[in-house]
Amino acid sequence: MSGQQPLTPRRYDSLLAKGEDRKARILAVAQRLLARNGWRNTSLAQIAREAGVTTAGLLHHFESKSQLLHEVLDSRDNDDDLHWDREADLIEVLNGVADRFQRSPELIGSYTVLLIENLDPGAPLHERLQNRYRAAVESLTTTIRLGQRAGWYRTDLDPAVKAVEIIAFLNGMETTWLLDPSIPLIEAFRGYTRSLARELAPVAIP
């Protein structure tokens, strides 16, 4: 019989794996370039060239620059879901956030640069980043409120205000680290969480 033979299951799996590897490589290159140059100064052709694929090959995996940017943010969200245990002690979780700076520096770089570049309400990722921020504040607020009800945290502070402060600390540390990676990162995190633990601790009744 003439004509192209159908792909065998094993060959199909191999091609699929290669495709996923290529997509992951493109995404990693995009994260690195976005952290360095921002999305305005990073073209799809640049990303494709450094990833070792053609622009058409890149567009096979990511239909547009917008989709690629959203998948970069998806990577950050997936990392949060994987490493942020919402049932664990808040102080322990915050101390663990410092590990990301060594584990996934490109995630920090690309996310922080995209955040700064999309502060304008008309920017393409503004709404998503704003919603993400609000969801993070709401999640932390709920965590602190549940801790208050359980007797773990003092009840005379506003959980929503404290949640905003914690998010501001995390975003500030990421920006400062990008500016100067030599900062005493671990010490700064431990100092902040020790202070936070003291502040959250229930007031002893004399």
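D89 caps the N-terminal end of helix α5, with a side-chain oxygen lying 3.2 Å from the backbone nitrogen of I91. Such a polar contact is a pair of N or O atoms within 3.5 Å, where within protein one atom must be able to donate a hydrogen and the other to accept it, and where residues adjacent in sequence count only if both atoms are side-chain atoms. The model is a predicted one, in which local features need pLDDT of at least 70 and side-chain atom pairs count only at pLDDT 80 or more, whereas totals for chains, interfaces and linings use all residues. Residues are numbered from 1 along each chain as its sequence is written, and side-chain values use heavy atoms, with hydrogens and water left out.

The protein has 10 helices and zero strands, the elements being DSSP runs numbered from the N terminus (helices are H or I with at least four residues, strands E with at least two). Of the 206 residues in the protein, 39% are buried, a term that stands for under 20% relative accessible area, with exposed meaning over 50% and partly exposed in between (1.4 Å probe, protein chains only). Among the contacts with a separation of 6 or more, 64% are between residues 24 or more positions apart, a contact being heavy atoms within 4.5 Å.

G52, which follows α2, has a positive phi near 80°.

Leaving aside residues up to four places away in sequence, D80 touches R100 and R132, while H126 touches N118, L119, D120 and P121.

D80 also belongs to the lining of the largest pocket, where D80, W84, R132, A136 and I167 lie nearest the centre among 28 lining residues. The elements that give two or more residues to this lining are α4 (65-83), α5 (90-97), α6 (100-103), α7 (105-117), α8 (126-149) and α9 (159-179), and α8 gives the most, with seven residues. The largest pocket holds about 640 Å³ of space. On a 1 Å grid over the protein atoms alone, a pocket is an open set of points where a 1.4 Å probe fits, with protein on both sides within 12 Å along at least five of seven lines, and lining residues have an atom within 4 Å of a point. By class, the lining has 12 nonpolar, four polar and 12 charged residues, where Asp, Glu, Lys and Arg count as charged, Ala, Val, Leu, Ile, Met, Phe, Trp, Tyr, Cys and Pro as nonpolar, and the others, Gly among them, as polar.

Technical notes: Grid points are joined across faces, edges and corners, and a volume is the space filled by probe spheres set on the points.
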